[in-house]
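Please look over the sequence and the model shown here before reading on. The paragraphs below are meant to be followed with both in view.

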Amino acid sequence: MPELPEVEVTRRAIEPHLVGRRIAQVTTTRPSYFFLTAPSLLKKALTGRRVLSLERHGKYLLAHLDDGKRLLLHLGMTGQLFASGSKSVRLLSAKRRRALGPEEQPAFRPDAHTHLQLRFEGDGPELYFRDMRKFGKVALLEAGADDPRLDKLGVDALVAKGAHLHEAAQKRRTPIKSLLLDQSVIAGIGNIYADEALFLAGILPTRRADRVTQKECDAIVDAARRVLRQAIRAGGSSIDDFVRPDGSDGGYQHARRVYAREGETCGRCGGTIQRVVIGQRSAHYCDSCQH
DNA sequence: ACCGCACCCTGAGCGC
DNA sequence: TGCGCTCAGGGTGCGG
């Protein structure tokens, strides 16, 4: 699931294909939950526009256009943003995957899950936004308009301090992990990196937020920053669907300590990794390393 | 204000 | 072989 590292890896790789280029043609799927701006409006607004910059805000990408409007993208759970020519089995349906020989890796061709395709003037690849479960989002923001989703975001996890977490935690009885996932407190942390940060900080995900000390908040946020930076360097985590914009896998899934490792051995103490559900989401931890 | 939970979606994996 | 069920989860929005 794309979190800050996956979105940042995507931003860096997509930027050279996007910034400075003029959009020649926009292709979409039918209107759906995925399109916060109707596909017809999107096509009209994007065609002919030049992209000035590509920013990341938490897990959102924001492309600034030459008419002052902005294109807001969110990868949701299964969103994939990549360039034409990419090859990866993660870009294929299971049906197509099964039909392939073991060594075959055909170049991606847009399918029913490819909700947005951008073709540009001149040389360079097309860009595709594919999202199987449609939890991703595309929205066009009018020039000068505020956006509630962006306004709500807390401080970016790459620059957050323990104080940001502690301030929010003091009056909250919710589990500390739920607070870490709250994008209005700190922006960018999702399920994988929340579990990893809490493991490194030695704090149980179930601990009530108001019982986490300032010092412990420092440790959690420091650990989160470290984990996120490391994950960016590794190219993100390709556990289910994430691919880098050239079709390659990230590498951080091999470095994770607890996430999706229920029943496996803790690399630090030799104990067994546990799983509980917190706020309708899996939480993974080691009950002898975390308190 | 806070908190828990339903919901949006589709594919994988499982039992029968 | 295939059906029906459950699970996965980011963000939003609701009711208590």
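The text goes from the domains to the core, then to the strands and the DNA.

This is a predicted model, in which local features need pLDDT of at least 70 and side-chain atom pairs count only at pLDDT 80 or more, while totals for chains, interfaces and linings use all residues. Residues are numbered from 1 along each chain as its sequence is written, and chains are lettered from A and ligands numbered from 1 in the order in which they are written.

Chain A is divided into domain 1 (4-152) and domain 2 (155-286), with bounds that come from an automatic or database domain assignment. Taken over C-alpha atoms, the centres of domain 1 and domain 2 are separated by 27 Å. Their contact takes 23 residues from domain 1 and 23 residues from domain 2, two residues being in contact if their C-beta atoms, placed from the backbone, lie within 7 Å. On the side of domain 1 that touches domain 2, helix H1 (4-18) and strand S5 (79-83) each supply at least two residues, and the largest share, eight residues, comes from H1. Helices (H or I, at least four residues) and strands (E, at least two) are DSSP runs, numbered from the N terminus.

The largest nonpolar core has 69 residues; such a core is a set of buried Ala, Val, Leu, Ile, Met, Phe, Trp, Tyr and Cys residues joined through C-beta atoms within 7 Å, where buried requires 20 or more other C-beta atoms within 10 Å of a residue's own, with C-beta atoms placed from the backbone. Helix H7 (residues 191-201) gives the largest share of this core, eight residues. Because domain 1 (4-152) and domain 2 (155-286) both give residues to this core, it lies between them. Among the residues with the most contacts inside the core are Ile 220 and Ala 224, and Ala 224 touches Ala 157, Ile 189, Tyr 193 and Ala 197, not counting residues up to four places away in sequence.

Strand S6 (residues 114-120) runs antiparallel to strand S1 (residues 23-28), to which five bridges join it, and Phe 120 in S6 is the bridge partner of Ile 23. Four bridges also join S6 to the antiparallel strand S7 (residues 127-131); strands pair if DSSP finds at least two bridges between them. Gln 117 stands opposite Tyr 128 in S7, and in the hairpin of S6 and S7, with six residues between the strands, Gly 122 takes a positive phi near 80 degrees.

Of the 13 residues around DNA strand C, Met 1, Lys 59, Arg 149, Asn 191 and Ser 282 come nearest, a residue being near a strand if its C-beta atom, placed from the backbone, lies within 6 Å of it.

Methods. Buried ≥ 20, exposed ≤ 12 C-beta atoms within 10 Å, placed from the backbone.
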